[in-house]
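Hello,

Here is the structure I promised to pass on to you.

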Amino acid sequence: METLAAIVAGGAGFIGSHLCRRLLDQGKRVIAVDNLSTGSLDNLSAIASSRNFDFIRYDITEPLDMDLKVHEIYNLACAASPLHYQAQPVRTLLTSVLGSYRLLELARHKRARILLASTSEVYGDPLVNPQKEGYWGNVNPAGIRSCYDEGKRSAESLFCDYARQYGTDTRIVRIFNTYGPHMASGDGRVIPNFITQALNGFPLTVNGDGSQTRSFMYIDDLIEGIARTMDADLTAIPINLGNPGEITINQLAHTIIRLTGSRSEIVYNPLPQDDPRRRCPDITRATSLLNAWTPCVTLEKGLNLTINYFKDLTLKHNHATHAINARSIPNHAGV
């Protein structure tokens, strides 16, 4: 029986690395493609020795070909943190648009099924709440977030056009705020920021007055939703994947302080330009079309798992630093 081969673009990233493991567990051959601009090979260390796993350092804005039969392609390749995508806005937009074009061409020629990891950011600063897939959004096309927002909106358009013009088997998921292990501590997103600050006793920095809301989904729930979307018959239909449990940023900050046992205070910074005031998914379509998919991991359970991950990272870093310092001390024995 032929082994199914899957390409995961952005495979060394937070979501991509979890997806690679899921696909390997399903018995598939996995080729992770990543330029490592924000991803890390550390995220792949647990699966790097698998005989069904390969990693290629590659930028998807360049033409890509594979000398094997590819069955599935997952496009997760784009910086998702405002800190990163605003630092190189041209690269961000090109990754979403040109990168999607390259992967769609590969999917067309290989006759592979392809999934786009889009984002709730396509809704911009929404004027309706919760957000349904039929809502067209409220996006500033010339703002500092537009490289990401409009890049993903254009990528969705390409995926739909390839389905219409070429019959390419495309899938689109709009991912709402997701968190969990393999997030980078310094990537600028709110949960790793708060956890890192709390564990180190630093003040938690809240943008605005903290009344803006987000809906946080644990990574395991997202991966399950992505897997079901790829397997379902849903060509070119956007699907919201998120947790409809809405929470203010102030509530999140207090929860993380409590769970970490930190004595950190909360400080407030100006609200960044075009920062959404509310963000909450309507997941009716996902529940209906993805075999009753719904998030299962509670926020408190997911936060505890993520806090433990960052605690382990801190311990490993401290041990590594101690070992380096010990090796650098001259041997004065007998002096």
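This is a predicted model: local features need pLDDT of at least 70, side-chain atom pairs count only at pLDDT 80 or more; totals for chains, interfaces and linings use all residues.

Residues are numbered from 1 along each chain as its sequence is written, and side-chain values use heavy atoms, leaving out hydrogens and water.

Seven strands in the order 3-2-1-4-5-6-11 form an open sheet with parallel pairing. (Helices, H or I of at least four residues, and strands, E of at least two, are DSSP runs numbered from the N terminus; two strands pair if DSSP finds at least two bridges between them.) At the edges are strand 3 (53-57) and strand 11 (238-241), each pairing on one side only. From one strand to the next, the twist averages 20°.

Helix 1 (residues 14-25) lies across strands 1, 2, 3, 4 and 6, at about 170° to strand 1. (Contact means heavy atoms within 4.5 Å; axes are lines fitted to C-alpha atoms, for helices over the stretch in contact, and angles run from 0 to 180 degrees between N-to-C directions.)

Helix 1 also packs with helix 6 (residues 219-231) at about 60°, their axes 10 Å apart. The two are therefore oblique to each other (under 35 degrees is roughly parallel, over 145 roughly antiparallel, 65 to 115 roughly perpendicular, the rest oblique). Among the contact residues are Phe14 and Leu19 of helix 1 and Leu222 and Ile226 of helix 6.

Best wishes
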